[in-house]
Amino acid sequence: MNNRLYGNLIFELSHPGRRGYTLPKSEFADYDLPAGMCRAEDARLPECDEMTVVRHYTNHSANNFGVNNGFYPLGSCTMKYNPAINEDMAALPSFQSLHPSQPEESCQGALELMYRLQHSLAELTGLSDFTLNPYAGAHGELTGLMIIRSYHERNGQTQRTKVIVPDSAHGTNPASAAVCGLDVVEVKSTADGIVDVDDLRGLLDDTIAAVMMTNPNTLGLFERQIPEIARLVHDSGALLYYDGANLNPLLGKCRPGDMGFDVMHINLHKTFSTPHGGGGPGSGPVGVREGMETLLPTCVVKGDGDTYHVRRNEAISVGASLGNFAVMVRAYTYILSLGRDQLKMVGPLATLNANYIKESLKDVYELPIDTLCKHEFVFDGLKDKSTGVTTMDVAKRLLDYGYHAPTIYFPLLFHESLMIEPTENESLDTLDSFIAVMRRIAEEAKTDPELVKGAPHNTPIGRVDDVLAAKQPVLAYNFEV
Ligand SMILES: *Cc1c(COP(=O)(O)O)cnc(C)c1O
């Protein structure tokens, strides 16, 4: 018998009259609050003893899965290890007690860190300057597009109201363009998964503000034609935007600025190892090439080596404060603790790990584009389609073996996408164990397909109805049932 009270809600553990605390009598207990400010009935709070509460929440926290418990091959997300030293630095009392409205002369150290981080990012990407203000990759995209729109307005090119996005792009690209008030035009991919340059050529005219590219793209493939694409885009008067979410495999090896990109964002919470479970916190600094620096929104830190100050921009403002400072501290710590030489190893190791898994599994999983990948790659489900076992089933069965599932059903180019990104941190043993489990699941799909279709079997909660959960979420305890 399992003596843990798994799966229970705290309300189900409640017994009337139980208490986990005793409070002194309130000084205001006899004071009559205005009737309009009092609730008609007592709040129906759970009533529990202290140990029940402690165990309930501790046991639930133990169900969390993170990079620190096991392999987390979630493609498109770069779930890399967040070294503990990053946390130590972010927790320094002098950083923790900062306030965003503090006078600049009282937080020179923090501004210096931001200034140095901006410069590290500029050097790593070959761009001229960065703003650290945006709070995530998608927010960075919006910021970058606002900059691009201002650039065209400054040049009297207000008719440039469209953005070209590849059909393989992350969903945030078209969404950001739409939020920025720009129309989206899709450019096709070739059969080998990269942007179709001939299709692009036909789409470029004087209504195009920008072309957004991800390199390597969301299939993990290096866009070899970037120099040609950059030339075409610039000749047409548009700008080239780099979605830097996939910077990891290029880090220190080649630079978007040298490839001809004009504006880009970086996801500090991906490439620079800051934690981003459960949707946050993030940071999406935006960089621009030389000549565009004055268009960067507020939160560019300037300095002369002695004093530092924030350069404000009244025209473009994207955030209330100076950005997610604690994330910046972690990213800067990561850059310094790896150093120039080790940073250059990130890309090759991530690339090696991804190719190793891909080559070791492609005889049993369908590899629609069989070529060298960068840091991630996409299978189109199991090779043997006769078993009826889907990508969803494989992902659920992986949970039984103690792995976080890869990204599934993204990108949308294939029906059964299964997108794997191992990152550079993982050892050969970890990769071999994962490969062995993936092969075993492929075998189970043949010998006992129902086992895989019914997975997961040994997790606290079995297979849930994802669609129902998304469409009709139950977010409050129902006392009536
Ligand atoms: C993660 C990702 C984004 C969005 O970044 P967020 O920080 O999640 O907003 C955009 N593009 C690509 C290719 C990504 O992988």
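1. In what follows, Lys and Arg count as positive and Asp and Glu as negative, while His and the chain ends are not counted; the place of a charge is taken as NZ of Lys, CZ of Arg, CG of Asp or CD of Glu. On that basis the chain has 40 positive and 61 negative charges, and their mean positions are 2 Å apart.

2. Basis of the note. The model is predicted: local features need pLDDT of at least 70, side-chain atom pairs count only at pLDDT 80 or more, and totals for chains, interfaces and linings use all residues. Residues are numbered from 1 along each chain as its sequence is written, and side-chain values use heavy atoms, with hydrogens and water left out.

3. Overall form. The chain contains 15 helices and 12 strands, taken as DSSP runs numbered from the N terminus (helices H or I, at least four residues; strands E, at least two). Its radius of gyration is 26 Å, close to the 23 Å that the globule rule gives for 481 residues, so the chain is as compact as a globular protein of that length. The radius is taken over C-alpha atoms, and the rule is 2.2 Å times the number of residues to the power 0.38.

4. Burial. Of the 481 residues, 47% count as buried; buried means under 20% relative accessible area, exposed over 50%, and partly exposed in between (1.4 Å probe, protein chains only).

5. Helix 5. This helix covers residues 137-154 and reaches 25 Å from its first C-alpha to its last, close to the 26 Å expected at 1.5 Å a residue, where the expected span is 1.5 Å times one less than the number of residues. Of its 18 residues, 14 are buried. Glycine 156, with a positive phi near 70 degrees, follows the helix.

6. Proline 216. This residue lies in the loop between strand 4 (208-214) and helix 8 (226-235) and is buried, at 0% relative accessible area. Beyond neighbours within four places in sequence, proline 216 is in contact (heavy atoms within 4.5 Å) with residues including Phe222, Asn246 and His375.

7. Backbone points to inspect. Most residues other than glycine have a negative phi, and most peptide bonds are trans. Threonine 78, however, has a positive phi of about 45 degrees and is buried, with a relative accessible area of 1%. Tyrosine 409 has a phi near 60 degrees and is partly exposed, at 28% relative accessibility.
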